[in-house]
Amino acid sequence: MLEILRRIVQEVDSAPSFQAALDVLVASVREATGTEVCSVYLLDERSNRLVLMANEGFNPESIGVVSMTFDEGLVGLCASREEPINLQDAATHPRYRYFPETGEERYNAFLGVPIMNRRKVLGVLVVQQRENRRFDEGEVAFMVTLSAQLSGVVAHAKVLGQLEVVRGSRTAQTQIYQGTTGATGVTLGRAVVLYPPADLDQVPDRSVDDVDAELALLQQALEAVREDVRALDERMADSLMPEERALFDVYLRMLDDNALGGEIAERIEAGNWAQGALREVIDEHMQNFALMDDPYLRERMSDVRDLGLRLLSQLQQQETEDTREFPENSILVGEDISTAMLLEAPLDRVSGVVAATGAANSHMAIVARALGIPTVVGVSDLPVTSLDDAEMIVDAYLGRVFVQPSRVLRKRYKDIIKEEQQLVAGLDAYKQRDAMTPDGRRVALHVNTGLMADVARAKDRGAEGVGLYRSEIPFMLRERFPGEEEQRQIYRQQLEAFAPRPVTMRTLDIGGDKDLPYFPIEEDNPALGWRGIRITLDHPEIFMVQVRAMLKAASGLNNLQILLPMVTTVSEVEDAVALIHRAVAELQEENEFEVTLPRIGVMIEVPATIIQIADLARHADFVSIGSNDLTQYLLAVDRNNARVAGLYSQYHPAVLRAVRYVVSEVHRAGKTVSICGEMAGDPGTAILLMAMGFDMLSMSASNLLKVRKTICHVPMERAEALLNRVLAFDKPETVRAEVEAELSELGLIDLIRPKSTAAAATAT
Ligand code: PEP
Ligand code: MG
């Protein structure tokens, strides 16, 4: 059964068009189930009808003609109930309806299963048979499994607009993709596809002007790989049998002009660049191999793939860094865009980021937010390889991306950008103001930093200190761990820029979704794995160098505070504190720098630390809530996973109640408590946090003025009343709605999203 399923899915995946995929599907399912009829009905959202899109067994004229609402027929019943309908004698069912267009005879047995994606019905897959019988459990399970596997293909076709193309009613060219907001804002620009080296699947298509030059590159790469293969053959001469060495001959023949070499050249002549042409050819071979039943031949897939990777590596070596062009308003597009990829791009030319993976609080999204770059993540249907150089609009407020936008849409979004610029200009008035509520309560606002660029923006906006310096960011920009003196200089710049205001430096927080290119960590479950303090306590040599560099950097300034990330147990704090004490003692003994013991804080990110908050507060000088991770762990929702992004909410009552509990317990212990997760930088949640009595809120510089404006307009009394109301609610959506209603009433809703974005999005 598994083999049949695999085969059908492969055939569908490798079909040249969506309609061909549906046709292959119905033919294969009819054959595999031994039934007489197989049909796919898909939902047309405009008419809200389920339309027969492909069929084996009925009159072919009925395709695209027969349709029904959710209230009609057995297909409608299956869609409205969202469960399989298995009937022995369909015609006697009260919901049975006869469609003369189908030329349908009397089919007794009926089995329909809904095609679902992200809780929505996309269509129904049906088999029918003359024989009067009920489908058995195995058959139902087969259809359900198949439908679940195919739902992604249908969803993908839907976003690509292929459903409309098939029905011949599509006119507009704009393609719309939905993801999640990574960093708010709107931008228009051109896509620059970023892809990691040595990953064939992610190489984008790109048109070439100079076909001959591209063909020459291919020839060089082919020759270099031939050389490699010959050298390998010689090296193995003594250790391999002649028949085993025959494989090298096969490799050489595969590189010939009448094999892979020629096929790639043809694609280049058709206009694609060498790397894109290579991807196309290898892809095609992979799909053909996957359809083969012979296990030996299927094994040859890995040989073709291996050759493809060798050729790619050669082509990528020939490519120099400078050939990559970033036009003004480049929008970085990729399957997965890491923080390092973002930071390596020429940021003065980058106006947006769009990634197929990731979620709102992925590390890259947080950094993009700090840089004020509109970002949409988790666009799972994004056809990345075909987007290079495409014109795009990124509406990061709505988490939406428009490719080849219409003129009307472009005009609307240009107006929104103007509106945004006015909003930003209006915030300038808050640069010099105190964050003081109208009823006279001050709230301390600090910034989160990581890059030097953050410092100037933070100071310009009147930050009162640094609540979180993400020390992993400078580590990400290097090719090895930075040395002690190198680190001292980096930290000194931060500390000096803000002195005498405090700078809270977090010790290296890598692991999870924060990778260092030179220290890869491969784990099945990275969020629950080796992260933050767990790594640095296992590697005191890394921890000590960092702490010594921080202490030296603070010499004579004395504005350093050290913050420990991802703490789970009291003993981790004890061990880290002991190491910090040791570093202070060492440096005092060395007597080169004037060093004092800094205040040491603990991040509250792991649920266990909430329960043990009183114990931890005793061991620390201060506490800072990392609400990004705390939300992830409290709700058991990977902050980096687009599939569950809808569940990740900082308005979740459990998050709000937990955060409030921490504030009251830390205050009871006589210590200070701040918050440095993204919750602090959102005007909606910031009102709730100020009402909870935090000693300080720390956020990215791009949110500082919005939050300060909010505080200046919301009396503490009103914020406290709002907090008390929402703490009694039991759902994130109702909390959010209440907070947004309050912001609207106060005339502050624009701080969350410009008025016209929702309207513009309908103008496709
Ligand atoms: C957090 O988890 O809230 C936090 C501030 O740390 P990071 O986002 O860098 O993990
Ligand atoms: Mg964290």
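I worked from a predicted model, where local features need pLDDT of at least 70, side-chain atom pairs count only at pLDDT 80 or more, and totals for chains, interfaces and linings use all residues. Residues are numbered from 1 along each chain as its sequence is written, and side-chain values use heavy atoms, with hydrogens and water left out.

Overall fold: I found 28 helices and 22 strands in the chain, both taken as DSSP runs (H or I, at least four residues, for helices; E, at least two, for strands) numbered from the N terminus. Next I checked the radius of gyration, 30 Å, which is close to the 27 Å of the globule rule for 764 residues, so the chain is as compact as a globular protein of that length. That radius is taken over C-alpha atoms, and the rule is 2.2 Å times the number of residues to the power 0.38.

Burial: I noted that 54% of the 764 residues are buried, meaning under 20% relative accessible area with a 1.4 Å probe, protein chains only.

Strand β20: I then asked myself which strands pair with β20. Strand β19 (residues 599-604) runs parallel to β20, with 4 bridges, and β21 (residues 672-675) also pairs with β20 in the parallel sense over 4 bridges. Pairing here needs at least two DSSP bridges between the strands. I saw G601 bridged to F622 of β20, while S624 stands opposite S674 in β21.

Faces of β20: I looked at residues 622-625 and found F622 and S624 buried on one side, V623 and I625 buried on the other. In a regular strand, side chains alternate between the two faces of the sheet.

How values were computed
Chains are lettered from A and ligands numbered from 1 in the order in which they are written. Buried means under 20% relative accessible area, exposed over 50%, partly exposed in between (1.4 Å probe, protein chains only).
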